[in-house]
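Here is a short report on a single protein model. Please look over the sequence and the coordinates before reading on.

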Amino acid sequence: MALLLSGCAPIPVRHDPWSSPDKALHFGASAVIAAAAAQSAKNHEHSDCKAFRIGFVMSSGVGVAKELADENIRHVGWSWRDLVMDVLGAAAGSWIVAPCR
């Protein structure tokens with residue numbers, strides 16, 4: 001019973017504030033990557049909606065890869081907050097270039 005009540009207690013939590021400059025960098029880099037991928041898709045005559053999806057998926061994939069590298073290569077830990085900012089940046093960058101309506 002104690003094991004069930006302990007939840008994720010042994011998982012270490014690193015200091016990862018929402019207001020750090022790192023979060024703005026994650027958002028901005030993801031937006032740029034998404035915008036570039038969406039624009040490339042539009043240049044290859046894809047519709048806005050398909051270009052949006054391409055930009056979003058490409059940029060989000062880069063964000064996930066970065067967090068995996070942080071966890072497994074750099075050993076600084078996975079950050080869900082960084083990933084949230086990556087996804088928000090990916091959506092914003094894709095939407096600016098290819099607003100899917």
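## The disulfide

Cys100 is partly exposed, because its relative accessible area of 25% falls between the 20% and 50% limits. The model is predicted. Cys49 is also partly exposed, at 22% relative accessibility. A disulfide joins Cys100 to Cys49, with an S to S distance of 1.9 Å. That pair meets the criterion for a disulfide because its sulfur atoms are within 2.5 Å. The count for the protein comes to one disulfide.

What is the handedness of the disulfide of Cys49 and Cys100? The torsion about the S-S bond is about 90 degrees, so the disulfide is right-handed. Cys49 lies in helix α3, residues 48-72, while Cys100 sits in the segment after α4 (80-97), so the pair ties together parts that are 51 residues apart in sequence.

## Overall layout

The protein has four helices and zero strands. Along the sequence the pattern reads α-α-α-α. Of its 101 residues, 31% count as buried. The accessible surface comes to about 6600 Å². Carbon and sulfur atoms account for 70% of that surface.

Among contacts with a separation of 6 or more, 69% are between residues 24 or more positions apart.

## The nonpolar core

Which residues form the largest nonpolar core? There are six: Ala38, Ala41, Ala51, Phe52, Val97 and Ala98. Helices α2 (21-43) and α3 each supply at least two residues of this core. In soluble globular proteins, nonpolar side chains tend to be buried together.

Ala98 is one of the six core residues. Setting aside residues up to four places away in sequence, Ala98 touches Ala38, Lys42, Asp48, Ala51 and Phe52.

## Helix α3

Helix α3 has 25 residues. From first C-alpha to last, α3 reaches 36 Å. That is close to the 36 Å expected at 1.5 Å a residue.

The buried residues of α3 are Ala51, Phe52, Gly55, Ser59, Ser60, Gly63, Glu67 and Asp70. Their cover includes α2 and α4.

Lys23 is placed in helix α2. Is Lys23 buried or exposed? Its relative accessibility is 2%, so Lys23 counts as buried, the limit being under 20%. Leaving aside neighbours within four places in sequence, Lys23 is in contact with Asp16, Pro17, Trp18, Ser79, Arg81, Asp82 and Met85.

Ser30 is found in helix α2 as well. At 5% relative accessibility, Ser30 counts as buried. A polar atom of the Ser30 side chain lies 3.0 Å from the backbone oxygen of His26. Which residues does Ser30 contact, leaving aside neighbours within four places in sequence? They are Ser59, Asp86, Gly89 and Ala90. Of these, Ser59 is one of the buried residues of α3.

Key. Residues numbered from 1 in each chain as written. Predicted model: local features only at pLDDT ≥ 70, side-chain atom pairs only at ≥ 80, totals over all residues. Heavy atoms only, no water. Buried < 20%, exposed > 50% of the residue type's maximum accessible area, 1.4 Å probe, protein only. Core = buried A, V, L, I, M, F, W, Y, C linked by side-chain atoms within 4.5 Å. Contact = heavy atoms within 4.5 Å. Areas by Shrake-Rupley, 256 points an atom, 1.4 Å probe, with all protein chains shown as cover. Polar contact = N/O pair within 3.5 Å; in protein donor to acceptor, adjacent residues only side chain to side chain. Expected span 1.5 Å × (residues − 1).
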